[in-house]
Amino acid sequence: MTDPIADYLTRLRNAMKAKHRLVEIPASNVKKEITKVLHEKGYILNYKVENNDVQGTIKIALKYNTQTKQPAIVNMQRVSKPGLRKYVGASELPRVLNGLGIAVLSTSKGIMTDKEARLHHIGGEVLCHVY
């Protein structure tokens, strides 16, 4: 697999389109941190990391609107790809839907959102946009 983060986003996207309540994804440290950020920002209900084999899995409970049955995540886009990395400085941090969405960044202080990176005044690699 050349891009595990794109695979992670695709599995989440497919599970939401199929209206699944739970999705299992092979674990890695980056995926765990992205899942943690999505949980903190309220895009997923809950998650659990299971270390049942060498790699382990992440079980994610997806979040839906109770009245309309629409998923909490409308769209997820991979920004930085293995063939073309996208790095931004602290002054060039992206705004997703004028602040309604989040950009997930990999920085020297760990994986965080664009808003947190603005507070710490650091840049990094833009992994994905979520809204």
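**A first look**

Asp-114 and Arg-118 sit together in helix H3 (residues 114–120), four residues apart, or about one turn of the helix. Their side chains meet in a salt bridge, with 3.8 Å from N to O. Please keep in mind that this is a predicted model.

**The helix H3 pair**

- Asp-114 counts as buried, because its relative accessibility is 1% and the cut-off for buried is under 20%.
- Arg-118 counts as partly exposed, at 30% relative accessibility.

**Other salt bridges**

- Salt bridges that share partners tie Glu-24, Lys-48, Glu-50 and Lys-59 into one network.
- Within that group, the side chains of Lys-48 and Glu-50 meet at 3.8 Å, N to O.
- The structure holds eight salt bridges.
- One of them is formed by the side chains of Arg-85 and Glu-125, at 3.0 Å from N to O.
- This pair links distant parts of the chain, 40 residues apart: Arg-85 lies in the loop between strand E4 (76–78) and strand E5 (87–88), while Glu-125 belongs to strand E8 (residues 124–130).
- Arg-85 is partly exposed, with a relative accessible area of 40%, whereas Glu-125 counts as buried at 11% relative accessibility.
- As background, side chains of opposite charge can pair when their charged atoms come close.

**Helix H1**

- Helix H1 (residues 4–17) has 14 residues, and from its first C-alpha to its last it reaches 20 Å, close to the 20 Å expected at 1.5 Å a residue.
- Its buried residues are Ile-5, Asp-7, Tyr-8, Leu-9, Leu-12, Ala-15 and Met-16.
- The cover over these buried residues includes strand E1 (22–26), helix H2 (29–40), strand E3 (57–62), E4 and E8.
- After H1 comes Lys-19, which has a positive phi, near 60°.

**The whole chain**

- The chain has three helices and eight strands, and along the sequence they follow the pattern α-β-α-β-β-β-β-β-β-α-β.
- Its radius of gyration is 15 Å, close to the 14 Å that the globule rule gives for 131 residues, so the chain is as compact as a globular protein of that length.
- Along its principal axes, the C-alpha trace spans about 40 × 40 × 25 Å.
- Of the 131 residues, 39% count as buried.
- Among contacts with a separation of 6 or more, 60% are between residues 24 or more positions apart.
- The accessible surface comes to about 7,600 Å², and carbon and sulfur atoms account for 51% of it.

Notes. Residues numbered from 1 in each chain as written. Predicted model: local features only at pLDDT ≥ 70, side-chain atom pairs only at ≥ 80, totals over all residues. Heavy atoms only, no water. Salt bridge = Lys/Arg side-chain N within 4 Å of Asp/Glu carboxyl O. Helix = DSSP H or I, 4+ residues; strand = E, 2+ residues; numbered from the N terminus. Buried < 20%, exposed > 50% of the residue type's maximum accessible area, 1.4 Å probe, protein only. Expected span 1.5 Å × (residues − 1). Contact = heavy atoms within 4.5 Å. Rg over C-alpha atoms; globule rule 2.2 N^0.38 Å. Areas by Shrake-Rupley, 256 points an atom, 1.4 Å probe, with all protein chains shown as cover.
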